Structure formats: C-alpha cells, structure tokens
Amino acid sequence: MTLLPALPIVVPLAGAVLCMLLRKNIAAQKAIALATSFLILLVSLVIMAQTKDGTIAVMHVGGWRAPLGITLAIDMLSSVMLLLVGLLAVGVSVYTLFDLDAPRTRFGFYPLMLILLMGVNGAFVTGDLFNLYVWFEVLLIASFILLALGGEKPQLEGSIKYVALNLLSSALVLAGIGVLYGMAGTLNMAELAHVVQQGERGGLVTMVAVMFMMAFGIKCGMFPLYFWLPASYPTPPAAVTALFSGLLTKVGVYSLIRVFTLVFSTDPEFLHALILWGAGLTMVSGVLAAAAQYEIRKILAVHIVSQIGYIVMGLGLFTQLALTGTIVYLIHVIIVKTNLFLVAGAIKRIKGTYELRALGGLYKEKPGLSILFIISAMSLAGVPPLSGFFAKLTLIIAGLRMESWAIVATALGVSLLTLYSMTKIWAYAFWKPAPEPLPDLDPMPRAKWLAFLSPMIAFTVITIALGVCAGPVFDYADAAAGQLMDPEIYIGAVLGGAD
Amino acid sequence: MTSIIFRTATRYMFPPMLVFSAYVLLRGHHYPGGGFVGGLFAGSAFSLYALAFSVAEARHILRMDPRDVTAAGLAVALLSGLPPLFSRHAFLTGTWWALPLPSGATLDIGTPLIFDIGVYFVVFGVLLTFVFSLGEE
C-alpha cells in the first residue's frame, strides 16, 4: 500500500488548496467542496472494502518503518469512522449549497471545512500518538475559525470557552505524551502497547492513563469538563453545528477508545471503572441540562453530552459485546445527531427562530420535514425498529452480563428523559398551534425544497436502514470490537510484516 | 513610521534578507535551517518593508496576495509527495534525481527539497497574511 491509507488526508488537503486558489470564485468553491466530499466518501468505501475482512491497512509514511517513522494504520473501527466522515461531508456540503450566508463563504468556509475534515481523517488513520496530537491541533484551529467566523457576540463568547478548554486538554495530551516518551522511548502506539504490556511501571502508567482520560474526556465532552460544548455549539450556523456535532466530539471518543483498548488496557479494574463512572455522570448531567432548555439547538447540543455517556459506557464495561455496542452507537449517533441539527437548521431557515415557545404548527405546514424530524428523534430516544434501539439494547445487555446494575439503570432512565426532550421539541414546534402565525421566510418551489431536504432524507433513510439491517451492522461492529479487544493484531500489523 | 533612517536602512536590508532566506532554505538539508526558518526570514523582510513604508506598498512590491502564496506552497508540498508513488514507494518517500551539470559533476535534486520549498512559501504566506491584515486595521 503506497498511497491508499494516506488518501483520507491527501484528498481534503488537495480540495482545500484548490478552494484557496479560487478564493474569489464562490461557485467554483462549492463545486470543489462537493466533489471533494464525494471523493472522501469514495476513498472511505475503497478502504472499507480492503479492511472489512479484518486486515489492517498499514502505511509507513515516507518509507520510514515503525517505530521510527509515522505509521498510518486503519483497522475496522478507523475505516467505519472514515466512512461516516465521508457521509457527513457529502450531506453537509449539499446542505451548505442552500443554507450558508455569503460573508461566511467569502471568508473561506469551504477551505476551512475541508481542512477540518483532513484533521478528523488524520486523527482516525494515524498510528502515532504525537501525530494524533498534531491532527487534534489541525482540527482545533480549523474548528475555532469556523466557530468564530461571523463574529457575533455569543459566537465569540462560545469560541473563547471552546478554545480555552481545548488548549488545556491539548496541554494535558502533550504532557502525557512527554511522560510516555520518557518511559517507553517511543510514540508509536503499537510499540507503546507492547512496552506497556511488558509492564514494570504500573503506577506511572496509570497516572499517564488518567491524564489521557482527562484530556480526551474534555475533547469529547465528558463529565465534568463538558461545559464548553453547550456554550459553543449552538452559536454558529446550522451547517457548522451539524459538522461539529458529528465529528469533533467523536474524534475525542475515538481517541479514548483507541488509547484505552490498545495502550492502557492492562489495568481495567481501576481505569475502565473510572471511565464507567464518568460515563454514567455524563449521561445524567447531559440529559438533565437538556430538559431545562427551550431552544431546539441548545436542547440538541446539550444532548450530545448525554449521548457521549452511552458511547463511553461501552468502553467502561470493556467486554467485546460492550465495545460492539459502543461502535454501533457511534455509527447511529453520528448520523442521527447530524440529521437533527440539519432539520433544526431547516426550521430556522423557514421560520427564523429556534425558540420552542415561538414556534408551532410545523406539522400542518411542512409534514415532510416533521416526519424527518420525528424519525431521527425517536431513533435518538431508542424506540424499536430504529437504529438507536439496537445500539442501546446491545449496551444494556453488555451491562447486565457484567452485572453493572447501576449503569444499566442509569442508561434506561436517561433514555426516558431523552424521549421527554424529543417529544418536547415535537409537541412545541410541530404539534401545538403557533402562538402567533410565523410567515414562511423563504418559500421555495417544490423541487428546490426537496433538494434542500435531500441530505436529511438520505440520513433518515440510513437511520432506518441501520435499524432494519441491524444484523450486518452488528456483525461488522462485533468484528471491529474483536480487533480492539486483541491488541496483538494491531501490534503485529504495524510492527511486523511487509509494507 | 516616518523615520528616514529606518526607511533608508530598510531599502538596503531588504535584498540581502531575501537572499539570506534562500540560503537558509537550501542549507536546511544538512544543517540547521530549512523551509520554515527561511520562510520566516523572507516574511520578516516584507514585514520590515510594511513597517517602514506602508502595508499598501509592501503589497504592491509583493504583487501577489499572500493567501495565494500560502495555497501555492501547500500545493507544492503536497505534490512533492507524489513522485515516489511511480516507483511503488510509500507517499512522501524521498526520491532523488541526478542532474548532470556542464562541468561534468552532477547535482542531486530530491523531493525533500521540493517539500521544503513548499513549507517556505506556506510560512511566508501565512506570516504576511497576519502582518498585512493587522497592519491594515
């Protein structure tokens, strides 16, 4: 493999360069962003076809073999994440064709979006801890500018919280990397795992592991340092929020899973129990904060926190079944959450507000949009045949098998409260009559309206498909979890064998 | 700033700084230096010019938008990773060509140098984008 594992990084970079060169030509930028997104999707499909039988696609960049050079290693978890990035990129680029203001596109929305995608993809493919840190910085800078672009006051306030906490987290990662390097003399994750498994330095390893747990915990919005998320996510335009909710926190979760299955898997009694506690508290605090909100986008943003709790719960339980649940949940939540934010953006587009108290009667006016919303919302709450049901079911069965009654009870209770929040949006925005009739701000002809809704329709179809074809998805996730539970496979693929 | 000493000094400093930046760029292959430092040198030459005269004049002698320079630099760095693919090596592997010189010696040109030239322009462009937009406020 001489190029394929690097393509998820190279393709968005090339697109970003083209967009920067065609700075003045907005139409060309849109076309390039769309084409690049489709290419990212295509590349991820090719990679998935190569890795779905369990082979790990490994590439030693620049021909410098591990552990000396930077290694890119794509296992089944990475490749499903890449696929989700591709889907999201296409959906959001189509959405921005219809709903993004001119000043933002002029100030470089598209190159930034592509650089963000490059950073996210980079984090998913890299097999080197320091390189992972670099990709985090790439996506932090890109996302910071995307967040602040437009310069409205709440946006700047949110951006400052976002950057301050994320810099703190980066500093923690860097400190942890320093200690690990001093201890093991390598930053290649496979080599690190190998060294840690030999394990003479129990205490020091646990300390570094907690540093990484905090750092990635901040990045993914875990309890207790999640408050940057509700402060910053609801401020930029819907397209940006959708992109962030689908990708940013998920990179944090991915890193947590990667590091705590590969490197720090030697002390699960302490470390993974700590993660499980964090997961439970994250779920509860997220869902309670959401119940108090009366603005669609804020409810959805705070709910991201609670969803992160479910994803991390599987990692905390640390069995193959639980990790399977985690992976299924990741797939489900990325699609559903992005879709909900896009639907919220569409509501804002036609009604000019996100306020639940001002909205109403959307079901009568826009039945199509309402159906798209209710399917995703019910899926998020975990109503059967939809994707969320199977994801939650897997996690709960895994919890019951481990006899972790507390976390199972928490997960079930939080699920009910999620249902409450979702029905609240449904009842207020869609069902009840509008307090005073709001005019349709942007009446579109039917064909354009359908094109505008097309990414949401596609995501909704995927949500239903994930529920209906739960079998194959589950099998894939199970195989990916099996890879994660056996670090020897990863270590062997990276350190041994030909390139 | 309207100091005549500063302006006159800048006129004399400007060309040697650019030449030195190219020297640092080339030296970087075996010794301390390279595209990043070289780009900073070249960028500071133009920043000095902008301070002594004005941002508008500095933009005028640069003739290109610094953002275009950044994009071009990124493109060069990206393209420098592609040649090894033709000999079935990994992306970004160093690839070398020997150019015969008229004197009979050969000159080795490699992709690491091309990558470094890309870095040079990225740093140069980004630095000037910052300096120019701060200077214009």
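**Close-up views of a predicted two-chain model**

**View 1. Packing of helices H1 and H5 in chain A.** Helix H1 (residues 7-21) of chain A and helix H5 (residues 109-125) of chain A pack with their axes 8 Å apart and at an angle of about 165 degrees, where axes are lines fitted to C-alpha atoms, for helices over the stretch in contact, and angles run from 0 to 180 degrees between N-to-C directions. This is a predicted model, in which local features need pLDDT of at least 70 and side-chain atom pairs count only at pLDDT 80 or more, while totals for chains, interfaces and linings use all residues. Residues are numbered from 1 along each chain as its sequence is written, and chains are lettered from A in the order in which they are written. Helices are DSSP runs (H or I, at least four residues), numbered from the N terminus. H1(A) and H5(A) are therefore roughly antiparallel to each other (angles over 145 degrees count as roughly antiparallel, those under 35 as roughly parallel, 65 to 115 as roughly perpendicular and the rest as oblique). Residues of H1(A) in the contact include A:Pro8, A:Leu13 and A:Met20, and those of H5(A) include A:Tyr110, A:Leu114 and A:Val125; two residues are in contact if their C-beta atoms, placed from the backbone, lie within 7 Å. By class, this contact has 14 nonpolar, 3 polar and no charged residues, with Ala, Val, Leu, Ile, Met, Phe, Trp, Tyr, Cys and Pro counted as nonpolar, Asp, Glu, Lys and Arg as charged, and the others, Gly among them, as polar.

**View 2. Crossing of helices H2 and H3 in chain B.** The axes of H2 (residues 35-52) and H3 (residues 55-62) of chain B come within 7 Å and cross at roughly 140 degrees, which makes H2(B) oblique to H3(B). On the H2(B) side, B:Phe46, B:Tyr49 and B:Ala50 meet B:Val55, B:Ala58, B:Ile61 and B:Leu62 of H3(B), and by class this contact consists of 7 nonpolar, no polar and no charged residues.

**View 3. The side of chain B that touches chain A.** Here 15 residues of chain B are in contact with 16 residues of chain A. Helix H4 (residues 66-79) of chain B gives the most to this side, with 7 residues, and the side of chain B has 8 nonpolar, 4 polar and 3 charged residues.

**View 4. Surroundings of A:Glu355.** A:Glu355 is found in the loop between helix H14 (320-351) and helix H15 (362-365) of chain A. Not counting residues up to four places away in sequence, A:Glu355 touches A:Tyr294 and A:Glu295; A:Glu295 lies 60 residues from A:Glu355 in sequence and 4.6 Å from A:Glu355 in space, C-alpha to C-alpha.

Definitions and conventions
Helices (H or I, at least four residues) and strands (E, at least two) are DSSP runs, numbered from the N terminus.
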